[in-house]
Amino acid sequence: EGERAADGDEETPSLEDGAAVPVYLGNIVRLARDRKHPEDLAAEASDVLMTVLNGVVSEVVDRLLEDL
C-alpha cells in the first residue's frame, strides 16, 4: 500500500498502484539542423521525448563525434 502523508489524511501512491513518477532527465537538446518539427514546439518536444524513451539516442553521440 501507499505511504501515509505527513498530515495522515492522504496516501502517497506507490508504484504498485500505477503511480506516475517524475524523473529529471536534465537538459535535452536537439540542434536546429536536426529538428524534425522546427515550427511546432509541442511536436518537437514529443518527438525528442519519444526518441529518448525508445532508446534511440546513439544518433546524437554519433553526430557529436562527427563535429569534433
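Predicted model: local features only at pLDDT ≥ 70, side-chain atom pairs only at ≥ 80, totals over all residues.

Reply: Start with the surface. Leu-49, Met-50 and Leu-53 form a nonpolar patch there, with about 300 Å² of accessible area together. Met-50 sits in helix α1, which covers residues 41-53. Met-50 counts as partly exposed because its relative accessibility is 43%, between the 20% and 50% cut-offs.

Now the charged contacts. The structure holds five salt bridges. One of them joins Arg-30 and Glu-44, at 2.8 Å from N to O. Arg-30 lies in the loop between β2 (11-12) and α1, and Glu-44 lies in helix α1, so this bridge ties together parts 14 residues apart in sequence. Both Arg-30 and Glu-44 are buried.

Asp-47 and Lys-36 form another salt bridge, at 3.8 Å from N to O. Asp-47 belongs to helix α1 and Lys-36 to the loop between β2 and α1, so the pair connects parts 11 residues apart in sequence. Asp-47 has 18% relative accessibility, so it counts as buried. Lys-36 is partly exposed, at 49%. Arg-30, Lys-36, Glu-44 and Asp-47 are linked in a network of salt bridges.

Arg-33 forms a salt bridge with Asp-67, with the closest N and O atoms 2.6 Å apart. This pair links distant parts of the chain: Arg-33 is in the loop between β2 and α1, and Asp-67 is in helix α2 (residues 58-67), 34 residues apart. Asp-67 is partly exposed, with a relative accessible area of 46%. Arg-33 counts as exposed because its relative accessibility is 54%.

Technical notes: Residues numbered from 1 in each chain as written. Heavy atoms only, no water. Patch = residues over 30% accessible without salt bridge, like charges linked within 9 Å, V, L, I, M, F, W, Y side chains within 5 Å. Areas by Shrake-Rupley, 256 points an atom, 1.4 Å probe, with all protein chains shown as cover. Salt bridge = Lys/Arg side-chain N within 4 Å of Asp/Glu carboxyl O. Helix = DSSP H or I, 4+ residues; strand = E, 2+ residues; numbered from the N terminus. Buried < 20%, exposed > 50% of the residue type's maximum accessible area, 1.4 Å probe, protein only.
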